[in-house]
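This briefing covers a single protein chain, shown below. The notes after it are grouped by topic.

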Amino acid sequence: MKGYFEAFPYIDYDGHKMKDIFRRVKITDNIDDMFHIYEYIVEDGETPELLSYKIYNDPNKHWVLLLINEIIDPYTEWPMSIDELERYTAMKYHDINGFHHYEDDTGAVVYDNRVDQPNTYNLIYVTNIIHETAVNESKRTVKVMPLKYLSEFETTFEGKI
């Protein structure tokens, strides 16, 4: 199989023959066991294409990683590099070091707009960049399938699609 969309069937859309790109499939309920899925920690700046090349010797197999991890939008669901994260945070909040929320000593989020009041409840002041970094770090662990199962996975995918 060459690419993700090549397995998709065609549909007639307003008199035009087009790939049915909205089709989604679930490979199997026990995908982790069937394909010996394991966890991998994404390195800073490692894109789905780079990881695909690293594991499958082919950057065009990145769709396998995205499908296994149920990622629809790699721009928001895959971990960003440090530089990308800083640009994203600046664009989203305009002040990366501005107030985002408070947390208590257990890590529970306590939203409070009284930024200028003293910290009388032992609350931790969390900035926008600290918050977005925590969200980004939560995406670092992804599922990966060993290369030796790639062909079987692609065959299963083609059959389901």
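Of the contacts in the protein chain between residues at least 6 apart in sequence, 63% join residues at least 24 apart. The model is a predicted one. Its protein chain has 161 residues, and 35% of them are buried.

**Overall make-up**

- The secondary structure of the protein chain consists of seven helices and seven strands.
- Read from the N terminus, the order of elements is β-β-α-β-α-α-α-α-β-β-β-α-β-α.

- An open sheet is built from three strands, in the order β5-β4-β6, with antiparallel pairing.
- Its edge strands are β5, residues 109-110, and β6, residues 124-127, each of which pairs on one side only.
- Four bridges connect β4, which spans residues 99-103, to β6 in the antiparallel sense.
- Glu103 has Ile124 of β6 standing opposite.
- Helix α6, residues 128-137, packs on the sheet and touches both β4 and β6. The direction of α6 makes about 80° with that of β6.
- Glu132 is part of helix α6. With a relative accessible area of 5%, Glu132 falls under the 20% limit and is therefore buried.
- Apart from neighbours within four places in sequence, the contacts of Glu132 are Leu85, Tyr88, Thr89, Lys92 and Tyr93.

**Salt bridges**

- The whole structure holds six salt bridges.
- One of them joins the side chains of Lys54 and Glu43, with an N to O distance of 3.2 Å. Lys54 belongs to helix α2 (residues 48-56), while Glu43 sits in the loop between β3 (38-41) and α2; the two are eleven residues apart.
- Both ends of this pair have intermediate accessibility: Lys54 is partly exposed at 44% relative accessibility, and Glu43 is partly exposed at 46%.
- The side chains of Lys61 and Glu154 also form a salt bridge, at 2.5 Å from N to O. Because Lys61 is in the loop between α2 and α3 (62-68) and Glu154 is in helix α7 (residues 150-160), the pair ties together parts 93 residues apart in sequence.
- Lys61 and Glu154 are both buried.
- Arg140 and Glu137 meet through their side chains in a salt bridge of 3.1 Å, N to O. Here Arg140 is buried, with a relative accessible area of 9%, whereas Glu137 is partly exposed at 42%.
- Glu43, Glu46 and Lys54 make up one network, joined by salt bridges that share partners.

**Nonpolar surface patch**

- Which residues form a nonpolar patch on the surface? They are Ile11, Tyr13 and Met18, which together have about 290 Å² of accessible area.
- Ile11 is located in strand β1, residues 10-13.
- The relative accessibility of Ile11 is 34%, so Ile11 counts as partly exposed.

Definitions and conventions:
Residues are numbered from 1 along each chain as its sequence is written. This is a predicted model: local features need pLDDT of at least 70, side-chain atom pairs count only at pLDDT 80 or more; totals for chains, interfaces and linings use all residues. Side-chain values use heavy atoms; hydrogens and water are left out. Two strands pair if DSSP finds at least two bridges between them. Contact means heavy atoms within 4.5 Å. Axes are lines fitted to C-alpha atoms, for helices over the stretch in contact, and angles run from 0 to 180 degrees between N-to-C directions. A salt bridge is a side-chain nitrogen of Lys or Arg within 4 Å of a carboxyl oxygen of Asp or Glu. Buried means under 20% relative accessible area, exposed over 50%, partly exposed in between (1.4 Å probe, protein chains only). Patches are made of residues with over 30% relative accessible area and no salt bridge: like charges are joined within 9 Å, nonpolar side chains (Val, Leu, Ile, Met, Phe, Trp, Tyr) within 5 Å. Accessible areas come from the Shrake-Rupley method with a 1.4 Å probe; for residues, only the protein chains shown count as cover.
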